[in-house]
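Thanks for making time for this.

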Amino acid sequence: MTAGAEPPGRRPDEHVPVTPGWSCDSCGEDWPCPPKRERLLREYGIDRASLSVYLGSCLAAAAEDLRGASMPVLRTRFIGWVPRGPRGA
């Protein structure tokens, strides 16, 4: 593969994290960036529990990579933006 080429099946606007810094590969913002957040909400739909599990695993990995970062800041960044609905809804 040549430098700068995308892996097969990968779109350049997927907004995936680049570790260990956890920045977005598409826009350079902290991941999950606003476009990725919107995409995740659409992809997971009403299944907020599964979205929270996925983001929680990302949070755990990011906490390992970003050891100097404040955990409350990371928690807000990774899962604090997920809308909460009434239980049982």
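Let me begin with a definition: a residue is called buried when its relative accessible area is under 20%, exposed when that area is over 50%, and partly exposed in between, with a 1.4 Å probe and protein chains only. What you see is a predicted model, in which local features need pLDDT of at least 70 and side-chain atom pairs count only at pLDDT 80 or more, while totals for chains, interfaces and linings use all residues. Residues are numbered from 1 along each chain as its sequence is written, and side-chain values use heavy atoms, with hydrogens and water left out.

Arg39 forms a salt bridge with Asp13, with 3.9 Å between the closest N and O atoms; the term stands for a side-chain nitrogen of Lys or Arg within 4 Å of a carboxyl oxygen of Asp or Glu. Because Asp13 lies in the segment before strand 1 (17-18) and Arg39 in helix 1, this pair ties together parts that are 26 residues apart in sequence. Helices here are DSSP runs of H or I with at least four residues, and strands are runs of E with at least two, both numbered from the N terminus. Asp13, for its part, is partly exposed at 36% relative accessible area.

How many salt bridges does the structure hold? There are three. In another of them, Asp30 pairs with Arg77, the closest N and O atoms being 4.0 Å apart. This pair links distant parts of the chain, with Asp30 in the loop between strand 2 (23-24) and helix 1 and Arg77 in helix 3, 47 residues apart. Arg77 is buried, its relative accessible area being 13%. Glu64 and Arg67 form a salt bridge as well, at 2.6 Å between the closest N and O atoms; here Glu64 is partly exposed at 48%, and Arg67 is exposed at 64%.

That leaves helix 2, where Leu51, Leu55, Cys58, Leu59 and Ala62 are buried. They sit on the same side of helix 2 because they cover an arc of only 110 degrees around the axis, the arc being that of the directions from the helix axis to the C-beta atoms. On the other side of helix 2, Ala49 and Val53 are exposed. The buried residues of helix 2 pack against helix 1 (34-44) and helix 3 (71-80), where contact means heavy atoms within 4.5 Å.
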